[in-house]
Amino acid sequence: MIVKNLEVFYGNKRVLGKIDTKFSKDEFVLLLGYNGSGKSTFLKALSGLVNYSGEIIVEGNHPHYFVTGYVFQNPETQIIGSTVWEDVIFGLENLGLDREEIRKRAQKVLKITGLYDFKHMEPHNLSGGQKQKLAISSILVMEPEYLLLDEPLSMLDKNDRQVLKELIFDLKKMGMGIIVATHNPEVFLEFSNRAIFMDKGTIVKDSNDVLEVVDMYINEVET
Ligand SMILES: Nc1ncnc2c1ncn2[C@@H]1O[C@H](COP(=O)(O)OP(=O)(O)OP(=O)(O)O)[C@@H](O)[C@H]1O
C-alpha cells in the first residue's frame with residue numbers, strides 16, 4: 001500500500017499531512033504519538049472513514065477501503081447487530097454476497113476469534129474482551145489485507161488484554177498486515193518490525209529499529 005501526500009482537514013484545521021509512506025503485509029507496525037497527534041485520523045483515512053486528499057494506492061483493482069479494515073477503539077461504537085452472528089454478517093449482507101458464502105465466512109472468522117459458541121448472544125451481554133473480539137470479527141469477515149487497530153487493548157482488563165494480544169499475533173501469523181495505534185508499545189514489542197512516531201499530524205520518525213522509536217517516544221512522554 002502506497003500513501004502519497006495524505007492530508008486531512010477537520011474544518012480549517014489541518015490534522016494530518018502531508019504523509020508519504022508505504023506499508024506491506026509482512027509488517028506489524030506500531031503507530032505512536034501523544035494524544036491528538038493524528039494516529040486515529042491516519043488510520044481512519046487509510047480505511048476511507050474520513051475525507052482526505054492525496055492518494056492511497058493498493059495492489060489489485062480494489063478500492064483501498066476494501067483492503068484496510070479499521071477497528072474502533074471502543075468496540076461499542078461498531079456494534080450494530082442484535083446478535084453476534086447478525087453483527088458479523090452485516091457488512092457481508094451489504095456487499096450482497098450469497099448466503100452460503102456469508103455463512104462460511106462468518107463461521108470461519110468466529111472460530112478464529114473464539115466467539116462461535118456465542119453466536120446467538122446479544123452483543124451487549126458480552127464481556128469487554130468479547131466485544132473487542134466481535135469488533136475485530138466484523139472487520140475480518142470483510143477479508144481485509146491490513147488490520148488497523150486503534151488502541152485495541154485500552155478498554156480491557158488484564159486477562160482480556162492477554163487474550164486479545166494473542167489473537168492479534170495469530171492474525172499476524174496468518175499473513176495480515178497489522179498497524180496498531182497505541183500508548184502501550186511494550187505490549188506488542190515482540191511482534192513489531194516497524195514503528196512510526198507521529199507528532200502534530202506528521203511522521204517524525206519511522207524505523208524498523210522499533211526499540212529506537214519506542215525509546216524516543218517514551219523519553220519525550222517523560223520530558
Ligand atoms: N471529528 C473531529 N472533528 C474535529 N477535530 C477532530 C475530530 N477528530 C479528531 N479531531 C482533532 O484532530 C486531531 C487529531 O486527533 P486524533 O484522534 O487523530 O489523534 P490521536 O493521535 O489518535 O489521539 P489519541 O491518542 O488521543 O487517540 C486532534 O487535534 C483532535 O482534536
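Author: The mean pLDDT of the protein is 93, and 100% of the residues score at least 70; pLDDT is the predictor's confidence in each residue, from 0 to 100. The model is predicted, so local features need pLDDT of at least 70 and side-chain atom pairs count only at pLDDT 80 or more, while totals for chains, interfaces and linings use all residues. Residues are numbered from 1 along each chain as its sequence is written.

Reader: Which elements have the lowest and the highest mean pLDDT?

Author: Helix 2 (residues 64-67) has the lowest, 82, and strand 3 the highest, 98. Helices (H or I, at least four residues) and strands (E, at least two) are DSSP runs, numbered from the N terminus.

Reader: And ipTM and pTM, what are they?

Author: ipTM is 0.94 and pTM is 0.93.

Reader: Take strand 6. Buried or exposed?

Author: Buried: 5 of the 5 residues of strand 6 (residues 146-150) are, so the rest of the structure largely encloses it. A residue is buried if 20 or more other C-beta atoms lie within 10 Å of its own, exposed if 12 or fewer, and partly exposed in between, with C-beta atoms placed from the backbone.

Reader: Which residues cover which side?

Author: Tyr146, Leu148 and Asp150 are on one side of strand 6, Leu147 and Leu149 on the other, and both faces are covered. In a regular strand the side chains alternate between the two faces of the sheet.

Reader: How many bridges does strand 6 make with strand 5?

Author: There are 4, in the parallel sense, with strand 5 spanning residues 68-71. Tyrosine 70 is opposite leucine 148 of strand 6.

Reader: What about strand 7?

Author: Strand 7 (residues 177-181) runs parallel to strand 6, joined by 5 bridges. Leucine 149 has valine 180 of strand 7 as its bridge partner.

Reader: Core next. How many residues in the largest nonpolar one?

Author: 58 residues, and those with the most contacts inside it are Val29, Leu31, Leu32, Val71, Leu148 and Ile179. A nonpolar core is a set of buried Ala, Val, Leu, Ile, Met, Phe, Trp, Tyr and Cys residues joined through C-beta atoms within 7 Å.

Reader: What does valine 29 touch?

Author: Leaving out residues up to four places away in sequence, valine 29 touches Phe23, Ile178, Ile179, Ser192, Arg194, Ala195 and Ile196. Contact means that the two C-beta atoms, placed from the backbone, lie within 7 Å.

Reader: Helix 1: how many of its residues are buried?

Author: 8 of the 8 residues of helix 1 (residues 39-46), so it is largely enclosed by the rest of the structure. Among them are Lys39 and Lys44. After helix 1 comes glycine 48, with a positive phi near 75 degrees.

Reader: Which residues other than glycine have positive phi?

Author: Asparagine 5 is one of them, with phi near 55 degrees. Asparagine 5 is in strand 1 (residues 2-10) and counts as exposed because it has 12 C-beta neighbours inside 10 Å. Lysine 200 has phi near 45 degrees and is in the loop between strand 8 (194-199) and strand 9.

Reader: Where is the cis peptide bond at lysine 18?

Author: The bond runs from glycine 17 to lysine 18, with omega near -15 degrees. Lysine 18 is in strand 2 (residues 13-22).

Note on methods
Two strands pair if DSSP finds at least two bridges between them.
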